[in-house]
Amino acid sequence: VTGVQTCALPIFHISAIHKQFPGVKALDGIDLSVERGEFFGLLGPNGAGKSTLINIIAGLTRADSGSVSVMGHDVILDFRQARKNLGIVPQELVFDPFLTVREAICLQAGYYGVGKEGADWIDEIIDALMLTDKANNNMRSLSGGMKRRVLVAQALAHRPSVIVLDEPTAGVDVELRRSLWQFIKRLHNQGHTVILTTHYLEEAESLCHRIGIIDHGKLIALDTTSNLMAGGIAATSRVRIVISNTTYRLPDALNDLLLRSEANELLFEYDRSKHSVVDIIDAVRAASVDIVDIHTEHANLEDVFVSLTGKSKT
């Protein structure tokens, strides 16, 4: 695919990054590599250090120590080549109010030496992000969601090998979210490497092949999404059983799994490697409990995230 380069080394490498602000240790020895073609999720609570790390990657902030390279190019020592291979969608809505949508995208492309030969690609981006009707509109006239689309288009204008998306769907509508992910998944399938930070953990769970979790400036978890989901808290499930009678006696083995008991409901939590929902239901029936309805619940990435960080929001 034109614009996508190959490299024997990790396409994206962070080594021993430290960053201290007055009174705050923002990053404390982050080591991380992302392979070519990965769809990688970088998660963490608010204030964990994600944005600081992205700013260091972008060259907007200097680390106190350590290094970051993109396609083997150090972001400080070889910043031109590093940034040529990197496209970043910032979390903040930054725009020039005096430019039209097309002008803003073309100007961004021009920073990387993309001239008239990139016109077809810019048209493709504008169409894919549903900006065609707004292409000649002034940036200041756009809604927040439309401005977010333009930021994505600007990050892609020079066809970078590595795309960093910092909360790309924050505060946008369902239509944009769907069209954005269709386009990003298409780019990923063509060989682009994607790094995503998001508040929507279901997005990371469905899109990312591998996930790193940062908390208090440290990388506290790094594994494939499937492995994170298979171990620890994610190996547990719950079964909620609605009942019609109140007189029964559960065996001790079931009481050990009982999370909550109410007048017409029993909630069990169990390790799927040791128990099955069928065995639990059979044991409940054997205890002369009249079952009206059954609901099963499996742990998801949010449960894993909460168990590791103790916080419910990224």
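**Close-up 1. His 199 sits in the loop between strand 8 (193-197) and helix 7.** In this predicted model, local features need pLDDT of at least 70 and side-chain atom pairs pLDDT 80 or more, while totals for chains, interfaces and linings use all residues. Residues are numbered from 1 along each chain as its sequence is written, and side-chain values use heavy atoms, leaving out hydrogens and water. Helices (H or I, at least four residues) and strands (E, at least two) are DSSP runs, numbered from the N terminus. His 199 is partly exposed, at a relative accessible area of 35%; buried would be under 20%, exposed over 50%, and partly exposed is in between (1.4 Å probe, protein chains only). Look for Arg 177 too: 22 residues from His 199 in sequence, its C-alpha is 13 Å from that of His 199.

**Close-up 2. Helix 11 (residues 301-309) and its buried residues.** These are Leu 301, Val 304, Phe 305 and Thr 309. Down the helix axis they fall within an arc of 110°, so they line one face of helix 11; the arc is taken from the directions from the axis to the C-beta atoms. Their packing partners (contact means heavy atoms within 4.5 Å) are strand 3 (39-43), helix 7 (201-207), strand 9 (210-215), strand 10 (218-224) and helix 8 (225-230). Just after helix 11 comes Gly 310, with a positive phi of about 75°.

**Close-up 3. The lining of the largest pocket.** A pocket is an open set of points on a 1 Å grid over the protein atoms alone where a 1.4 Å probe fits, with protein on both sides within 12 Å along at least five of seven lines; lining residues have an atom within 4 Å of a point. Of its 29 lining residues, Leu 60, Ile 88, Pro 90, Gln 108 and Tyr 112 lie nearest the centre.
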